[in-house]
Amino acid sequence: MIIAEPKPIDEIIDSLKDFNRILVAGCDGCVTVCEAGGMKEVEVVASALRIYFKQAGRAVTVDEISLTRQCDRPYTAQLADKIDQYDAVLSLACGVGVQFLAEDYKNKPIFPGVNTCFMGGTEEKGLWTERCQGCGKCILANTGGICPIARCSKRMLNGPCGGSSDGRCEVNKDIACGWHLIYERLKELGQLDRFETPTDPKDWNTSRDGGPRKVIKEVSRL
Amino acid sequence: MRLSYPTNVKIVKLPCSGRVDVVHLLKAFEDGADGVYVAGCLEGDCHYQVGNLRAKKRVAYVKDILDKIGIGGERVAMYNLSAGQGPRFAEIAREMSEKIKQLGPTPLRKSGGSAKGVKLTPGTTKEEAA
């Protein structure tokens, strides 16, 4: 899923302090699971904003809603009959959701309420870690199911580098060396011979080097 | 023991301090509370292992928010005491009550602000939700 973390409330206040009718819009997708922008976080942010405006002597409306997904137009369209009642929207969705709302409601200022971080998973309650950088050309088949692009700090294709020590990365001892993990996993699978064939330089065209990307699945198109 | 404690303390009973959520504490302040404290069991004595430790983290989280929204984090507190410590309960109530008296009423009361809001669902209009 997309992992995000809530923006500090003072940064959010700074964005919204000049508005009088605010809608805080959460997303029931990824940001609900990573506890950054679901209905629960909407309630917290909206309540904090109302307290702020009340103590500032302001009569501001801060309403709450959460959409099934903000990255899908049928759901963003559910704001169509409501959005005119507001002069700003705080979206707690990931950067995709914020941009979809901004595209769909062109005359409405949309502000981000979270910092979108990476694609990852839930390691344990309250801890999420990165697993994929969306490079557009998956090589997990050759690396024992462990991604060197996401898990190696240098994104090396033929690691580990000289900075790997006791299975830890030189960038930070809290980071496991991605290539050490790959080695251990391939050993487990009896596939260490994969190390005998160097991997060719990666074509980064499918990553961000090719500019903003799109995916077309012809069979799914109408 | 017939102990007396300040009458301005309103008690909200919960099965465990671990049930206290960030939003509960914020709502109390939004509704005009001058101060809020969570009275949990002694650390290490939680019947559910870590309920009081979770409450402690949530109180700290709310403290930070209150500092940033003009209320002041000192208006929320976490206390730990056992069910057998009646005198300590009364003492904490007096202590917190005194502290809040010194801080004065919540800034919300004198500001004249009236920020409000409703919870909407995608299928209902604002009028229906209100």
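Here are a few worked exercises on the strands of chain A.

This is a predicted model, where local features need pLDDT of at least 70, side-chain atom pairs count only at pLDDT 80 or more, and totals for chains, interfaces and linings use all residues. Residues are numbered from 1 along each chain as its sequence is written, chains are lettered from A and ligands numbered from 1 in the order in which they are written, and side-chain values use heavy atoms, with hydrogens and water left out.

**Exercise 1.** Work out the strand order of the open sheet of 4 strands in chain A.

*Solution.* Start with the terms: strands are DSSP runs of E, at least two residues, numbered from the N terminus, and two of them pair if DSSP finds at least two bridges between them. Next, read across the sheet: the order is E3-E2-E4-E5, with parallel pairing. Then check the edges: E3 (61–67) and E5 (110–112) each pair on one side only. Finally, the twist averages 25 degrees from one strand to the next, taking axes as lines fitted to C-alpha atoms and angles from 0 to 180 degrees between N-to-C directions.

**Exercise 2.** Find how E2 and E4 of chain A pair.

*Solution.* E2 (residues 21–27) meets E4 (residues 88–91) in the parallel sense over 4 bridges. For a residue-level handle, look at A:Ile22, which stands opposite A:Ala88.

**Exercise 3.** Trace the pairings of E6 in chain A.

*Solution.* First, E6 (residues 114–124) pairs with E1 (residues 2–6) in the antiparallel sense over 5 bridges; here A:Glu5 has A:Asn115 as its bridge partner. Second, E6 also pairs antiparallel with E7 (residues 127–132), over 5 bridges, and A:Gly121 sits opposite A:Thr129. Last, the turn: E6 and E7 form a hairpin with 2 residues between them, and A:Gly126 there has a positive phi of about 85 degrees.
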